Amino acid sequence: MAQKYYAQHKNTPLTEEEIKKKYKEAQEELQEVLKWKKEEEAKLKDSKASPQKKGAAKRALKKVAWRTDTVQGQIIYWKLRIKGESHFKANLEKNEYWAKCREKKEKEQRKMDEEDLPKMLKKKL
């Protein structure tokens, strides 16, 4: 008796209602992330905050930026799915957005490193 490995989808396709629900959840998550960002920025501006607290806020802001990009990519994906695009096409668009974000961050990091290089060289002399 032969087995049928790929005869059916492992998971049933999402309905339009489920896709809209996922899109709404992604938008709600973005609002939470933006709220988190405001909280961390407020900690940085607080004049009474300790250096440790400010350092923690700076590290958290990096995580907030990463999470914002992630959620934005999910929103792009679900918006395309609502418009009727396939999972494959929507996933490509999402991944292209994430790649663009990574390139932008790497470019900014290189620029910061180049600016810091003369300062580091002066310290050695």
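Helices here are DSSP runs of H or I with at least four residues, strands are E runs of at least two, and both are numbered from the N terminus. The model is a predicted one, in which local features need pLDDT of at least 70 and side-chain atom pairs count only at pLDDT 80 or more, while totals for chains, interfaces and linings use all residues. Residues are numbered from 1 along each chain as its sequence is written, and side-chain values use heavy atoms, with hydrogens and water left out.

Back to D69. Is D69 buried or exposed? Its relative accessibility is 16%, so D69 counts as buried. The cut-offs are under 20% relative accessible area for buried, over 50% for exposed, and partly exposed in between, with a 1.4 Å probe and protein chains only. Leaving aside neighbours within four places in sequence, D69 is in contact with Y97, W98, C101 and K105. Contact means heavy atoms within 4.5 Å.

Now the overall picture. The protein has 3 helices and 0 strands, and from the N terminus on the order is α-α-α. Buried residues make up 18% of the 125 residues. Taking contacts between residues at least 6 apart in sequence, 62% join residues at least 24 apart.

Next, the pocket. Rolling a probe the size of a water molecule over the atoms shows where empty space is left. In this search, on a 1 Å grid over the protein atoms alone, a cavity is a set of points where a 1.4 Å probe fits but cannot get out; a pocket is an open set with protein on both sides within 12 Å along at least five of seven lines, and lining residues have an atom within 4 Å of a point. Grid points are joined across faces, edges and corners, and the volume is the space filled by probe spheres set on the points.

The largest pocket comes to about 390 Å³. Its lining consists of L61, K62, A65, W66, D69, Y97, C101, K104, K105, E108, Q109 and M112. Two elements give two or more residues to that lining, helix 2 (51-82) and helix 3 (87-124). Which of the elements gives the largest share of the lining? That is helix 3, with 7 residues. By class, the lining has 6 nonpolar, 1 polar and 5 charged residues. Here Ala, Val, Leu, Ile, Met, Phe, Trp, Tyr, Cys and Pro count as nonpolar, Asp, Glu, Lys and Arg as charged, and the others, Gly among them, as polar.

On to the rings. K94 lies over the face of Y77, 5.3 Å from the ring centre; the criterion is NZ of Lys or CZ of Arg within 6 Å of the centre and within 35 degrees of the ring normal.

I76 also lies in helix 2, and at 27% relative accessibility I76 counts as partly exposed. Not counting residues up to four places away in sequence, I76 touches E93 and Y97. I76 and Y23 are 53 residues apart in sequence, with 8.9 Å from C-alpha to C-alpha.

Last, helix 1 (residues 16-45), where E40 is found. E40 is buried, at 6% relative accessible area. Beyond four places in sequence, E40 touches A57, A60 and L61. K35 is in helix 1 too, but K35 counts as exposed, at 54%.
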